[in-house]
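Please look over the model before reading on.

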Amino acid sequence: MPDIAVFAPSPSLTVTIEDRGMEGDDSAPEIHIHAGGQGVWQARMLRRLGVSVTLCCVLTGELGRVVRRLLEDEGFRVAAVEREGHGAGYVHDRRDGERTAIAESPGEPLGRHELDELYGVMLRAGIDAGLAILSGPDGDGVLPSDTYRRLAADLRTNDVRVVVDLAGARLLAALEGGADVVKVSDEELRADGLLTDAGDLGAVRAAVEELRRRGARDVIVTRAGQPFLVCNGPRAFEITPPPLEVADHRGAGDSLTAGTCAGLAAGQSLREAVVTGAAAGALNVTRHGLGTGDMSTIERLRESVVVRELPAAEHDPDESHGRVSPDGLAALAEQEPEDGR
């Protein structure tokens, strides 16, 4: 069984209130309690795909103690730094079909001691696994963005393949350290000043080249409502997942990342691995549980994923089409990490 280390700095305790779903049923609602957060959702889908997962995280206070028990019950190997304080968590009400936040807490920022311990835990787990996913916490100020630069650089120095699923200052920091695969959305690229027209495929490919210039090797760009783009060395592909009815769109991107990493860990090419990721993401939107699904259905859905190879990009030095705007470059140059470091 392949193993993957997931950097999930601050998992959340999630409480979701839902109707029982039966028409005319006026009985008490269902209350669901799970461990959550980007890294946890990725790890959950990895487990469904037969991958052994080591979750590297900080668990805080009473919420953290509950999260550990939930993670271990799901079969994760939890490599955690424990501390006292207020952990991350939320309570959401879905009884009307939409998520309404009742209460949310991003958790407390990591102190220097906890951050040093977490860094060592992730470095060790990543080296043991050989493939690492760097994901982010829900809160902006939980840890310095530069942590991602250092982790990406140190992991790759030790022959670990690094997959980055981040945005903003965290993404830019990770790129400085280097990344084997970057997964990002067109909305995130636009927010970072790297993309002006998400509907223009040429502009998206130009943004990918900028990511490569900054330290990415291969890039996956999701585009809401459109096929997503995969740039693998000199080759580029459009990937169209099977269209399925959406119950909850949250977690689709994390399932895409997880499915892709499961394929890579099993020895698939990036093109093959992304097909698995596309099928996993498509199945996830049909479900209310984030990062959930079953391997047999994902394997069936792989057959419905459409892959189209794109012609080589034309590089014209006099072509301004699709470039980062001067204002965008200036904004990037001035962008500071969330914690102000």
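Four strands make up an open sheet, ordered β3-β2-β6-β7, with mixed pairing. The model is predicted: local features need pLDDT of at least 70, side-chain atom pairs count only at pLDDT 80 or more, and totals for chains, interfaces and linings use all residues. Numbering starts from 1 along each chain as its sequence is written, and side-chain values use heavy atoms, leaving out hydrogens and water.

**Sheet**
- The edges are β3 (30–36) and β7 (100–105); each has a single partner strand, so one side of each lacks a neighbour in the sheet.
- Neighbouring strands are turned by 15° against each other on average, direction ignored.
- Strands are DSSP runs (E, at least two residues), and helices are H or I runs of at least four, both numbered from the N terminus.
- Two strands pair if DSSP finds at least two bridges between them.
- β2 (residues 12–18) and β3 run antiparallel, joined by 7 bridges.
- In β3, G36 stands opposite S12.

**Helix on the sheet**
- Helix α1 (residues 38–48) packs on the sheet and touches β3 and β6 (contact: heavy atoms within 4.5 Å).
- The direction of α1 makes about 95° with that of β3.
- Axes are lines fitted to C-alpha atoms, for helices over the stretch in contact; angles run from 0 to 180 degrees between N-to-C directions.

**Residue D93**
- D93 lies in strand β6 (residues 88–93).
- D93 is buried, at 14% relative accessible area; buried means under 20%, exposed over 50%, partly exposed in between (1.4 Å probe, protein chains only).
- Leaving aside residues up to four places away in sequence, D93 touches I17, E98, R99, T100 and I102.
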